[in-house]
Amino acid sequence: EKQKGIPIIYGDATQEHILHLAGIHKARVVVIAISDPKATKVMIKSIRSVNQTLHLIVRTRYIKEIPELIALGANDVIPEEFETSIEIFARTLHNFLVPEDDIQYLIDSTRENNYGLFQNKNQSKRTLWPLNYPEINISCLKVKTDNGSIIGQSLATLDLRNKYAINILAIVRNEKMITNIEPNEKIYQRDLLYLTGNQADILEFKKSIS
């Protein structure tokens, strides 16, 4: 894989010099997905000693280990009983603000390819372990509708803050980001909307643009 240009580093991640070699000091997201509970705890402590702000996702075998791992510095702890690989995949992309529709498409495609690690979505309801998520979220949604009540309308006319309790932070249109959002800014099909608000309100708004 290295010969293909994939940036892989092989080493013992419990050793701090390996973490530094991997660029832990500038990482945004780190996933620990090994089956060694003791080494996992050592890695969490070492990572947090270098980088306090990255998002740390940890896989664990048993639900009872979740409180201790969170106390050590993990942000998300995913028990193996759940759809481990899919959850790691989805949460990592979410932290890079990949549009929610694109994430769901990739998840569905993975399931359809019948990877043995993933449960069929028709067999059991997708479950998330109830961690301490903040009330306010930043998400990226793609405008798919061609409904004239949304498309071509200004933010002032749509009044999203009062109708959905959300705020538009930025819009990406034709690969250009608009960050100076004015009330007369309009929404168009295929826009990427970066917005903030309560997760339930964001999901409700998503229905209107899908």
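# Close-up views of a predicted protein model

**View 1. The chain as a whole.** The protein chain folds into eight helices and seven strands. Both kinds of element are DSSP runs numbered from the N terminus: helices (H or I) have at least four residues, strands (E) at least two. The model is predicted, so local features need pLDDT of at least 70 and side-chain atom pairs count only at pLDDT 80 or more, while totals for chains, interfaces and linings use all residues. Residues are numbered from 1 along each chain as its sequence is written, and side-chain values use heavy atoms, with hydrogens and water left out. Of the 210 residues in the protein chain, 37% are buried. Buried means under 20% relative accessible area, exposed means over 50%, and partly exposed lies in between (1.4 Å probe, protein chains only). The protein chain exposes about 13,100 Å², and carbon and sulfur atoms supply 51% of that area. Accessible areas come from the Shrake-Rupley method with a 1.4 Å probe; for residues, only the protein chains shown count as cover. Among contacts with a separation of 6 or more, 63% join residues 24 or more positions apart. A contact means heavy atoms within 4.5 Å.

**View 2. The largest nonpolar core.** This core has 15 residues. A nonpolar core is a set of buried Ala, Val, Leu, Ile, Met, Phe, Trp, Tyr and Cys residues joined through side-chain atoms within 4.5 Å. Leu160, Ile168, Ile187, Leu193, Leu195, Phe205 and Ile209 have the most contacts inside the core. Look at isoleucine 168. Beyond its neighbours within four places in sequence, isoleucine 168 is in contact with Leu155, Leu160, Ile181, Leu193, Tyr194 and Leu195. Another core, of 14 residues, lies apart from this one and includes Ile24, Ile32, Ile47 and Ile66. In soluble globular proteins, nonpolar side chains tend to be buried together.

**View 3. Helix H2 and its packing.** Helix H2 covers residues 37-50 and has 14 residues. From first C-alpha to last, H2 reaches 21 Å, close to the 20 Å expected at 1.5 Å a residue. The expected span is 1.5 Å times one less than the number of residues. The buried residues of H2 are Ala39, Thr40, Met43, Ile44, Ser46, Ile47 and Arg48. They pack against H1, strand E1 (29-32), E2 and helix H3 (66-72).

**View 4. Threonine 60 in strand E2.** Threonine 60 lies in strand E2 (residues 55-60). Threonine 60 counts as buried because its relative accessibility is 3%. Not counting residues up to four places away in sequence, threonine 60 touches Glu65, Ile66, Leu69, Val77, Ile78, Pro79 and Glu80.

**View 5. Salt bridges between separate elements.** The whole structure holds eight salt bridges. A salt bridge is a side-chain nitrogen of Lys or Arg within 4 Å of a carboxyl oxygen of Asp or Glu. Side chains of opposite charge can pair when their charged atoms come close.
- Glutamate 68 and lysine 41 meet at 3.2 Å, N to O. Glutamate 68 is in helix H3 and lysine 41 in helix H2, 27 residues apart. Glutamate 68 is partly exposed at 41% relative accessible area; lysine 41 is partly exposed at 25%.
- Lysine 206 pairs with aspartate 101, the closest N and O atoms being 3.3 Å apart. Lysine 206 lies in helix H8 and aspartate 101 in helix H5, so this bridge ties together parts 105 residues apart in sequence. Aspartate 101 is buried, at 16% relative accessible area.
- Lysine 142 pairs with aspartate 102, with the closest N and O atoms 3.1 Å apart. Lysine 142 sits in strand E4 (residues 136-142) and aspartate 102 in helix H5, so parts 40 residues apart in sequence are tied together.
- Arg173, Glu185 and Asp191 form a network of salt bridges.

**View 6. Tyrosines at the surface.** Tyrosine 105 lies in helix H5 (residues 100-112). Tyrosine 105 counts as exposed because its relative accessibility is 58%. With Phe89 and Leu106, Tyr105 forms a nonpolar surface patch of about 300 Å² accessible area together. Patch residues have over 30% relative accessible area and no salt bridge; like charges are joined within 9 Å, nonpolar side chains (Val, Leu, Ile, Met, Phe, Trp, Tyr) within 5 Å. Tyrosine 10 is in the segment before helix H1 (16-21) and is exposed, at 82% relative accessibility.
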